[in-house]
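Here are my notes on the model, for someone opening it for the first time. Please keep the sequence and the structure side by side as you read.

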Amino acid sequence: MGKSGSLELKAYEQDCAEQLARFFPQARPVRIPVHVTVPRGGRTSLREAAIVEYGGPEHAIFLSSLPLEFDDRVWIEATEEGCPAEATVVGVQYREGRKAVAVRLVQGPCDWVVTQP
């Protein structure tokens with residue numbers, strides 16, 4: 001198959017965040033810059049900048065390079081809003097070397113996730 005054929009196939013493939021979002025019907029596409037922090041005992045924690053790709057009243061989905069697995073606790077904080085939210089990992093989707101992570105917001109709906117355009 002030539003170059004144009006492979007480009008057409010790529011255009012129809014869903015990325016891993018979109019695939020994971022299928023399991024969370026209330027999640028809708030958003031683009032919210034966040035910081036994700038993972039406490040690792042004592043004073044140690046891991047942190048990265050990410051983009052929440054899908055959000056809803058109880059869930060947020062973002063791509064991550066952090067070593068996250070089911071039931072891990074994380075803190076996500078919108079970089080512009082500054083309101084941290086505790087969350088638990090409830091889903092992980094791997095695709096082509098990328099990892100999407102779905103988290104459930106522990107305290108319920110978070111304004112900066114559900115009010116974004």
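1. Start at Phe 70. Phe 70 sits in the loop between β3 and β4; helices (H or I, at least four residues) and strands (E, at least two) are DSSP runs, numbered from the N terminus. Phe 70 touches Val 89, Val 90, Gly 91 and Val 92, leaving out residues up to four places away in sequence. Contact here means heavy atoms within 4.5 Å. Phe 70 and Ala 102 are 32 residues apart in sequence, yet their C-alpha atoms lie 9.3 Å apart in space.

2. A word on the source. This is a predicted model, in which local features need pLDDT of at least 70 and side-chain atom pairs count only at pLDDT 80 or more, while totals for chains, interfaces and linings use all residues. Residues are numbered from 1 along each chain as its sequence is written, and side-chain values use heavy atoms, with hydrogens and water left out.

3. How confident is the predictor? The pLDDT gives its confidence in each residue, from 0 to 100. The protein chain averages 83, and 80% of the residues score at least 70. Among the elements of the chain, β3 has the highest mean pLDDT (94) and helix α1 (residues 3–12) the lowest (47). Over residues 8–13 the pLDDT is below 50, and this stretch has four contacts in the model beyond near neighbours in sequence. Where pLDDT is low, the predicted coordinates should not be read in detail.

4. Now the overall fold. Six strands close into a barrel, in the order β1-β2-β3-β6-β5-β4, with antiparallel pairing. Neighbouring strands of this sheet are turned by 45° against each other on average, direction ignored. The axes behind that angle are lines fitted to C-alpha atoms, for helices over the stretch in contact, and angles run from 0 to 180 degrees between N-to-C directions. Two strands count as paired if DSSP finds at least two bridges between them.

5. Next, strand β3, residues 59–63. Is it enclosed or open? Five of the five residues of β3 are buried, so the strand is largely enclosed by the rest of the structure. Buried means under 20% relative accessible area, exposed over 50% and partly exposed in between (1.4 Å probe, protein chains only). In a regular strand the side chains alternate between the two faces of the sheet. Both faces of β3 are covered: His 59, Ile 61 and Leu 63 are buried on one side, Ala 60 and Phe 62 on the other.

6. What flanks β3? A hairpin of three linking residues joins β2 to β3. These two strands pair antiparallel over three bridges, and Val 52 stands opposite Phe 62. β3 also pairs antiparallel with β6 (residues 98–105), over five bridges. There, Ile 61 has Ala 102 as its bridge partner.

7. The largest nonpolar core has 22 residues; Val 36, Phe 62, Leu 68, Val 74, Ile 76, Val 89 and Val 103 have the most contacts inside it. Such a core is a set of buried Ala, Val, Leu, Ile, Met, Phe, Trp, Tyr and Cys residues joined through side-chain atoms within 4.5 Å. β1 (28–39), β2 (45–55), β3, β4 (73–78), β5 (84–95) and β6 each supply at least two of its residues. The largest share, five residues, comes from β1. Apart from this core lies another, of 11 residues, among them Ala 17, Leu 20, Leu 63 and Ala 100.

8. Phe 62 deserves a check. Beyond four places in sequence, its contacts include Val 36, Ala 50, Leu 68, Ile 76 and Val 103.

9. On to β5. Five bridges join β4 to β5, which run antiparallel, and Val 74 has Ala 87 as its bridge partner in β5. β5 and β6 pair antiparallel over eight bridges. They form a hairpin with two residues between them, and Glu 96 in the turn has a positive phi of about 50°.

10. Two polar residues close the list. Gln 93 lies in β5. Its side chain makes a polar contact with the side chain of Gln 19 (3.2 Å). A polar contact is a pair of N or O atoms within 3.5 Å; within protein, one must be able to donate a hydrogen and the other to accept it, and residues adjacent in sequence count only if both atoms are side-chain atoms. Arg 104 is found in β6, where it stands opposite Thr 88. Arg 104 is partly exposed, with a relative accessible area of 34%.

Definitions and conventions: pLDDT is the predictor's confidence in each residue, from 0 to 100.
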